[in-house]
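Have the sequence and the 3D view at hand.

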Amino acid sequence: MLKIALICSHNGEDFIAQQVESIAKQSLPVDFIIVHDYSSTDSTREKIKGLSEKYLNLSYVFFDFAKSACHSFLNSIAVVREAQAGSEYVLYLCDQDDVWAYNKNERVFAEIRKGAEFVFHDVIISDSDLNPIKTSFYHKFWDVRRDFVLPSLFLSNCVIGHTIALSSVFLSQLDLDFDERIPMHDWYISLSVLNRSVSYSFIPEQLSSYRQHSSNVLGASQANPLAKIKKSYRHGKALLLYQEFLLSKGFPTTTNLLRLFRNSLSLRPFSKLGFIVLTLTFSSFFKATRQIK
């Protein structure tokens with residue numbers, strides 16, 4: 001079974017080399033590292049070319065568009081799936097700025113070999129220099145046993161995209177057509193796992209560092225009340241549009257606000273419940289003013 005790491009990049013000159021090196025130096029080697037760059041205007045592409053000379057299993061494709069991270073990943077996954085048609089493989093999704101632990105591939109691949117078709121894991125949350133900020137993502141606010149279930153996952157996503165590994169069997173069944181109503185690829189793929197009753201495994205080990213920097217700051221909205229309100233306002237329209245999209249694809253969700261409110265009552269901790277209730281309140285406003293159906 002091939003082991004393929006897929007990196008989507010966009011203006012990642014400061015971090016991409018460290019990410020590639022962490023993948024290239026695994027205790028269990030990956031077979032291929034594929035980098036898809038989307039319209040970088042810094043030195044990312046030059047660095048990718050240099051890395052391909054150093055690591056002969058690294059290939060790259062440069063795309064001249066960058067609609068969104070969601071679009072980039074769904075497009076890249078589809079490209080790899082088509083290129084690997086007929087092969088048995090596991091595909092690791094990678095951001096440009098995170099760093100793998102030395103044994104990540106070994107630990108994740110072991111779960112795939114046991115029969116899991118979708119694997120994700122915990123992370124260390126770090127600053128831009130990889131100094132730890134939090135030793136675990138799944139602490140209080142997020143809990144896999146509590147949050148990786150329906151209907152909770154329709155309202156909030158507990159899966160970090162760069163921790164995802166997918167089997168070729170699962171990928172062959174996945175609808176990868178992009179729709180602007182999909183907020184993020186990791187949320188959509190995770191919901192597809194539960195909707196299709198796909199075999200999955202969560203590894204409660206920190207197998208990568210989730211780097212936070214000026215354009216990627218986790219938890220800022222959790223600490224700042226005003227930022228939280230602004231995020232709820234933006235999320236209000238997006239959440240209902242997402243439910244609309246999921247319904248069109250046969251997912252057992254709803255756009256009925258009363259039902260969504262009821263579904264949200266099981267969310268914990270109460271800070272998350274409060275955020276979603278505020279979000280749905282804004283959803284009600286958008287619906288009442290006919291900004292959405």
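## Overall build

In this predicted model, 49% of the 293 residues of the protein count as buried. The protein holds 12 helices and 9 strands. Its radius of gyration is 19 Å, close to the 19 Å that the globule rule gives for 293 residues, so the protein is as compact as a globular protein of that length. The C-alpha trace spans about 55 × 40 × 35 Å along its principal axes.

The accessible surface comes to about 13500 Å². Carbon and sulfur atoms make up 52% of that surface. As for charge, there are 32 positive and 29 negative side chains. The centres of the two sets lie 10 Å apart.

## Strand β4

Strand β4 covers residues 89-94. Here 6 of the 6 residues are buried, so the strand is largely enclosed by the rest of the structure. In a regular strand the side chains alternate between the two faces of the sheet. In β4, Y89, L91 and L93 point one way, while V90, Y92 and C94 point the other way.

| Partner strand | Sense | Bridges to β4 | Bridge partners |
|---|---|---|---|
| β1 (residues 2-9) | parallel | 6 bridges | L6 and L93 |

Methods: Residues numbered from 1 in each chain as written. Predicted model: local features only at pLDDT ≥ 70, side-chain atom pairs only at ≥ 80, totals over all residues. Heavy atoms only, no water. Helix = DSSP H or I, 4+ residues; strand = E, 2+ residues; numbered from the N terminus. Rg over C-alpha atoms; globule rule 2.2 N^0.38 Å. Buried < 20%, exposed > 50% of the residue type's maximum accessible area, 1.4 Å probe, protein only. Areas by Shrake-Rupley, 256 points an atom, 1.4 Å probe, with all protein chains shown as cover. Lys, Arg positive; Asp, Glu negative; His and termini not counted. Charge placed at Lys NZ, Arg CZ, Asp CG, Glu CD. Pairing = 2+ DSSP bridges.
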